[in-house]
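Subject: Handing over the structure

Hello,

Here is the structure I promised to pass on to you.

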Amino acid sequence: MLTPGNSADAGLDLWSRSDVQTCTSWSAPIIWEGMFNPRHYDQIHRDEGSSVALTVFAIGRYLDAYLEAFLNSSENHFMVSLPVSYYVFTDTPEKVPNIKLAPDRRLTVMKVERHTRWQDISMMRMKTISDLIESDIRFHSTHVFCFDVDQVFTGRFGPEALGDTVALLHAHYYHLPEMLFTYDRNPKSNAFMKTGDFYYHAAVFGGSWKSVKALTEACYKSIMDDKKHNVEALWHDESHLNRYFWLHKPSRVLSPEYCWDTTIGYRTDIRVQRLLWAPKNYQQLRTS
């Protein structure tokens, strides 16, 4: 039985995918292809007046390498039935490509400081997102989704993904036992975890604007407290995100369909690839 509260989920068929886990121990759905009727979710969220803010950071060479493909593919696949507001954070606003947007979709470019270390860019996005929700997003959008830029949409990423707090199963860990999850094991860190439910990927997370604001504020506070004590979590903001979702269970979990890495190879349970990791050359991208 699912936790009540999301009327759209009345039509979810948890028994349609016997090959995978479709519900968490705390009764949140895990969304897989074949469980839902896309038209149903489109209609429900249109009727409810749902709208989505999408945040993405394109700093340094990441803008040149990935932003245009990310935005163009998003226009084809991300929440195409709903109003969407893009917020692109970059240190070079003049280089943001001109993307043709559908009606009810807008793009805002926000200039941010470029930190010397990519780890700091990754961790400081939590404060930036929280501040933007407070100053802007909460007045325009019901939901927020936060993405890494080095990804490309290849299939429907629709309102079936919307919920109060939304986490994503990491493609490289969803088949592995918990003992192999790369939680932060340092007791001195605020991200420290002895155990957990799943290993979540920070490349995609979201929820209602209130919940995403609470999440980003909490993660930023934990990150800054660690910095005061000269501690840095193993996987930076992702470690803090996993700790947050351990303490505050997500109301919705997305299967790895929603962020897949093709280098893993063929998996029978991945029937649809909705968002793909783009090829990465970290040595080139993370040097100035």
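In which loop is methionine 79 found? Methionine 79 sits in the loop between α2 and β3 (84-90); helices (H or I, at least four residues) and strands (E, at least two) are DSSP runs, numbered from the N terminus.

Before going further, please keep in mind that this is a predicted model, in which local features need pLDDT of at least 70, side-chain atom pairs count only at pLDDT 80 or more, and totals for chains, interfaces and linings use all residues. Residues are numbered from 1 along each chain as its sequence is written, and side-chain values use heavy atoms, with hydrogens and water left out.

**Two residues with positive phi**

Most residues other than glycine have a negative phi. Methionine 79 is not a glycine, yet its phi is positive, at about 50°. With a relative accessibility of 0%, methionine 79 counts as buried (buried means under 20% relative accessible area, exposed over 50%, and partly exposed in between, with a 1.4 Å probe and protein chains only). Aspartate 104 also has a positive phi, near 70°. Aspartate 104 belongs to the loop between β3 and β4 (105-111), and at 63% relative accessibility it counts as exposed.

Valine 84 touches both of these residues: its contacts, leaving aside neighbours within four places in sequence, are Val52, Phe78, Met79, Asp104, Arg105 and Arg106. Contact here means heavy atoms within 4.5 Å. Valine 84 lies in strand β3 and is buried, at 1% relative accessibility. From valine 84 to alanine 65 there are 19 residues in sequence and 23 Å in space, C-alpha to C-alpha.

Nonpolar side chains tend to be buried together in soluble globular proteins. In this model, the largest nonpolar core has 78 residues, and Phe78, Met79, Phe145, Phe147 and Phe157 have the most contacts inside it. Helix α2 (residues 61-77) gives the most to this core, with six residues. A nonpolar core is a set of buried Ala, Val, Leu, Ile, Met, Phe, Trp, Tyr and Cys residues joined through side-chain atoms within 4.5 Å.

Not counting residues up to four places away in sequence, phenylalanine 157 touches His77, Phe78, Met79, Phe145, Phe147, Val204, Leu254, Tyr258 and Leu275.

The lining is made of Asp42, His77, Phe78, Met79, Val80, Ser81, Arg156, Phe157, Gly158 and Pro159. By class, five of these are nonpolar, three polar and two charged; Ala, Val, Leu, Ile, Met, Phe, Trp, Tyr, Cys and Pro count as nonpolar, Asp, Glu, Lys and Arg as charged, and the others, Gly among them, as polar.

**Salt bridges**

The count comes to 17 salt bridges, each a side-chain nitrogen of Lys or Arg within 4 Å of a carboxyl oxygen of Asp or Glu. Here are three of them.

- Aspartate 9 pairs with arginine 252, with the closest N and O atoms 2.7 Å apart. This pair links the segment before β1 (30-31) to strand β9 (residues 252-254), 243 residues apart. Aspartate 9 is buried at 10% relative accessibility, and arginine 252 is buried at 2%.
- Arginine 274 pairs with glutamate 33 at 2.6 Å between the closest N and O atoms. Arginine 274 is in the loop between β9 and β10 (275-277) and glutamate 33 in the loop between β1 and α1 (38-48), 241 residues apart. Arginine 274 is buried, at 2%, whereas glutamate 33 is partly exposed, at 28%.
- Arginine 125 meets aspartate 237 at 2.8 Å, N to O. This pair links helix α3 (residues 118-135) and helix α5 (residues 237-247), 112 residues apart. Arginine 125 is buried at 6%, and aspartate 237 is buried at 4%.

Finally, Arg17, Asp19, Glu33, Glu257 and Arg274 are linked in a network of salt bridges.

Best wishes

Conventions
1 Å grid on protein atoms, 1.4 Å probe; cavity = no way out; pocket = protein on both sides within 12 Å on 5 of 7 lines; lining within 4 Å.
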